[in-house]
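Please consult the sequence and structure shown below while reading.

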Amino acid sequence: MNKVLVTGGCGYIGSHTIVDLIDNGFEVISIDNHVNSSRKPLKGIEKITGKKIKNYKIDLCNYNRVRKVFLENKDIVGIIHFAALKAVGESSEQPLRYFQNNFNSTLNMLEAAKEFGVKNFIFSSSCTVYGNAKELPVTEETPFQRVESPYGLTKQAGEEMIEFFSKANPKINSILLRYFNPAGAHESVLLGEAPNVALNLVPIITEVAIGKRKSITVFGDDYDTRDGSNIRDYIHVMDLANAHTKALQYLMNSNNKTNCEVYNLGIGEGASVLEVIKAFEKVSGKKLKYKIGPRRKGDVVAIYSNYKKAKRRLKWKPTRNIEDIMRTAWAWEQERSK
Ligand code: WQD
């Protein structure tokens, strides 16, 4: 069976991707130091798939420890590198921690791919690289804008590091996946987003609904959008997970790939903050308490993507919409609050 190494396998997107990889016949191992996660998702993966995933609890910035994982697993066909510090606001307060962690972990994974002859490398990137894009929907050709955070810089520069590495190591093929706004949970409610502190819109909505938070503030309703609130491209985490499986299968099987390709992973529609709240109220039957507050520093007015390139080349398409996201996110919040 083809063995895949997932870094950050105990994280939100990593754990859901492991489920999809197993569903598609891959064997998976994980490296996760639990700085932002716990072992719980491994139990959820086992309940869903019946497979016990081995997680190496090591720091990806320690190359000697990383080497040992590859010495123990000589048959790794691909690396999917999720592990990173990813709180935009926190990154502005702790830039060096973000640069050291996110750059060194990526460099070590590239080093290991080279030393141990792993031919396929997938990198978790982000729509953050586009900044305040002028044209919408963004495509993979939309130029980078200057990023607003150290986190965003680690994604922009991470992409460029991998491009240069791929040019110098043509036997190693890489794909850069630019996520838009991942949200939602696995249908089984055995996996979902479990942030220590919810920072993103969707988990904040469900925490208000379950009573963990008093109310939610909509960060501005005076933007130049259809209802004045920010627009984002929300993608269900299981659609996002499947895109990783499809990308790996493409790298392993396609004959007409170039050795470093970029794909946007959004659903091609934008939803405003107020529309997301309405979608939650519709699927839950609950009224959400919210108030309108000032704009949040660093927020882009609107961003959403098309996924034509991923559909054409990776044979991937999203199958869930914002209501599926809110339904599964709410079911997960209710489950984890029991
Ligand atoms: C979504 C919208 C807020 C909370 C971030 C990262 C991005 C990526 C996805 C990693 C915005 C509004 C939010 C609240 C609100 N992560 N909002 N009240 O900022 O689009 O993207 O997560 O790659 O890199 O930047 O996501 O969920 O924080 O905000 O009104 O209490 O919801 O203004 O318009 P964001 P978010």
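The shell around the ligand is made up of 10 nonpolar, 6 polar and 3 charged residues, where Ala, Val, Leu, Ile, Met, Phe, Trp, Tyr, Cys and Pro count as nonpolar, Asp, Glu, Lys and Arg as charged, and the others, Gly among them, as polar. This is a predicted model, in which local features need pLDDT of at least 70 and side-chain atom pairs pLDDT 80 or more, while totals for chains, interfaces and linings use all residues. Residues are numbered from 1 along each chain as its sequence is written, and side-chain values use heavy atoms, without hydrogens and water.

**Shell composition**

- The ligand is surrounded by 19 residues, each with a heavy atom within 4 Å of it.
- The closest residues are Thr128, Tyr151, Leu201, Arg232 and Asp299.
- Both α7 (201-210) and β8 (216-219) supply at least two shell residues each; helices (H or I, at least four residues) and strands (E, at least two) are DSSP runs, numbered from the N terminus.
- β8 gives the largest share of the shell, 4 residues.

**Polar contacts (N or O pairs within 3.5 Å)**

- A polar side-chain atom of Asp299 lies 2.6 Å from a ligand oxygen atom.
- A backbone N or O atom of Leu201 lies 2.7 Å from an oxygen atom of the ligand.
- For Asn181, a polar side-chain atom is 3.0 Å from a ligand oxygen atom.

**Helix α1**

- 11 of the 12 residues of α1 are buried, so this helix is largely enclosed by the rest of the structure; buried means under 20% relative accessible area (1.4 Å probe, protein chains only).
- Gly25, which follows α1, has a positive phi near 90°.

Technical notes. Buried means under 20% relative accessible area, exposed over 50%, partly exposed in between (1.4 Å probe, protein chains only). A polar contact is a pair of N or O atoms within 3.5 Å; within protein, one must be able to donate a hydrogen and the other to accept it, and residues adjacent in sequence count only if both atoms are side-chain atoms.
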